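Visitor: I am new to this structure and would welcome a guided introduction. May we look at it together?

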Amino acid sequence: MSESEQPTPAPPIRARLVSHLGATAGLMYELADGATSVGRGPHNDLVIQGPDVASVSLQHLEIRREGNSFRIRDLDSTNGTYLNGEPITEADLCAPATIRFGSQGPELVFTTEEPAPAEFDRTMAIPEGVLNPPGNPPGGPEPTAPTEPYEELLSVAVARARHARLKGLSGETLTIMRETLQDALRHTSRRFHMVIGVLATGLVAVAGFAAWQISVLDRQKHSIDQRIRDVEAQLQKTAGSLADSDRLVSELSGYQNQAELLERSVFYRFGPHEKEDFLIREIRALMAEFGAEVYSVPPDFVERAGHYIEQDQGPNRPLVAHVLNDGAPQLKVIRQVLLEERLPADLAYIPLVESALAPDQSSAAGARGPWQLTPATARTFGLRVDKQLDERTDLTKSTRASCRFLRELILDFGAGSSVMLALAAYNLGPSRVKQAVMNVRDPIKQRNFWYLYRVNALPKETREYVPRVVAAMIIGRNPRHFGF
C-alpha cells in the first residue's frame, strides 16, 4: 500500500468527566492522552472534594487514554469503583458511562458530547448594559461588534473559574470576578465606569465583611475547641466516678453542638482554616462512614490508635506488609463479600488484627481461622465444624458467617455508633459487653460507644481492641501515607 493510500486516522474526540449532582455539581474535566488519576488527595489530576468525599480514597482510580480508546482501573480503593452500577477492577470505558466512588458515593459521567452551558454561566450575574449596551435594549436588534469583548471576557472568566474549581480552589472565584470587572472597565464607556465601580466597591465591601465574619467565627471556634480539650482532660481524671463523668460528658456534648452549629455557617465553610491533624481527620472520616459521627474524638482513643499505628510501622511492619501486599487478593475477596452483605468495606481489616489472615491460626480459647470464630459462633452462623471439616479456615465461607455475626451485633446494639459497639462485642462477646454497660442506667447512653468509652464503662480489653482495629483500618485506607 502506497503512502497516499494509508487510512486516515480517526480525529481525536473530546472526552470529559462531568458531575451534575451534589457538592461536585458543575465539575468538568477534559481527558488528555495518557493517565488521569482521580481521588481526594491533592496530588491527583482530578481532585474530588465535598461533604460526601468520605467514600473516595486518596488515590481512587485511574483513566488511561490512548488515542480514542479509554480504560478505567481501580487503584485498590477502600470502597471500590462502580462502572454503570457494577463494581470493577479494570474495564474498557465507553461513553456514555457513570462512574461512582463506592456503592453510595459521588458520581461522575464519562461523556464525549459537547457540554451544556455550565451552572456558573447561568448563575453569574452581569450588570444590565455590560453585555447589552445602550442602543441594543432587551428584545431589540442583535448587538453589534462592541459586545464581543465582554462576551470574550466572560468566557475567559468562566474557564478560569472551572479550572480553579477542578483544582479545589473554589475560593478563587471572587478574585476572578474582580479581575474580570477590572478588564471590563478598560473596555466600557465612561458612562459604565460608575456602574461597574459601584459594583466593584460593593464586592470589596462584601468580601471585607466576609473576611471579618470568618475571623470572628474562627476565634469563637478556637475558644469552643479549647473548652472541649479542657473537659476531655477532666474526663481522663474522673475514671472512678460515673456521676462526675456523666456531668462532664453532658457539658462536652453542649460544646460539641455549638461547634458543629458554627461549622455549618456559610461564612465558616468557605473560609480558610487550619488543617486538622491527619490521624484525627481519618478517624472522623471513618466514623462518618460507620454512622458514628463525632466532633471530638477522645484524646486517649487517638493516643491508643496512634500507638498501634506506630507498632504496625515498627515491630509489626513485616506482618502488616505481608497482609497488605501478599494478602491483597484475600482482602479483595473479603471486601467484595462485605459489600454484597451491605456492610462497611473497612471491616475487612478485622482479620488483620485477629489472625493476619492466617487460615489455620488458632487461639487458646479455641477460635480459629482468619476471623477467629469460636466453634459455637461458627456453627450458629452456618459453618460446619467437626472432626472431618472445619469451614472456619475457608476464607469466603468464614467471611460470610462473620458478616452475619456482625450484622446481628449491629442490629442488637442499635443507635448511631452501633458499628463501634459491634466491634467491641466481636472481641468480647455481646453478653459481656451488655454486662459491662449495665452500670449505665440510661438505655440510650448504653448504646452510645463514645459515651461508654469516655466514662470507662467498657472493659480495658475492649478499650484497647477497638482503637487497634481502627489503626489497622486507617493504615489499610492510606497504605502509601504510612510507607506500605
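Visitor: In which sense do strand β3 and strand β5 pair?

Guide: This is a predicted model, in which local features need pLDDT of at least 70, side-chain atom pairs count only at pLDDT 80 or more, and totals for chains, interfaces and linings use all residues. Residues are numbered from 1 along each chain as its sequence is written, and side-chain values use heavy atoms, without hydrogens and water. Strands are DSSP runs (E, at least two residues), numbered from the N terminus, and two strands pair if DSSP finds at least two bridges between them. Five bridges link β3 (residues 34-39) to β5 (residues 61-66), and the sense is antiparallel.

Visitor: Which strands stand at the edges of the sheet?

Guide: The open sheet has five strands in the order β4-β3-β5-β6-β9, with mixed pairing. Each edge strand has a single partner, so one side of it is left without a neighbour in the sheet; these strands are β4 (46-47) and β9 (90-92).

Visitor: Which residue in β5 does Thr 36 stand opposite?

Guide: Strands β3 and β5 are antiparallel partners. In β5, the residue opposite Thr 36 is Ile 63.

Visitor: What percentage of the residues in the protein chain is buried?

Guide: The chain comes to 17 helices (DSSP runs of H or I, at least four residues) and eleven strands. Buried means under 20% relative accessible area, with a 1.4 Å probe and protein chains only. Of the 484 residues in the protein chain, the buried share is 45%.

How values were computed:
Buried means under 20% relative accessible area, exposed over 50%, partly exposed in between (1.4 Å probe, protein chains only).
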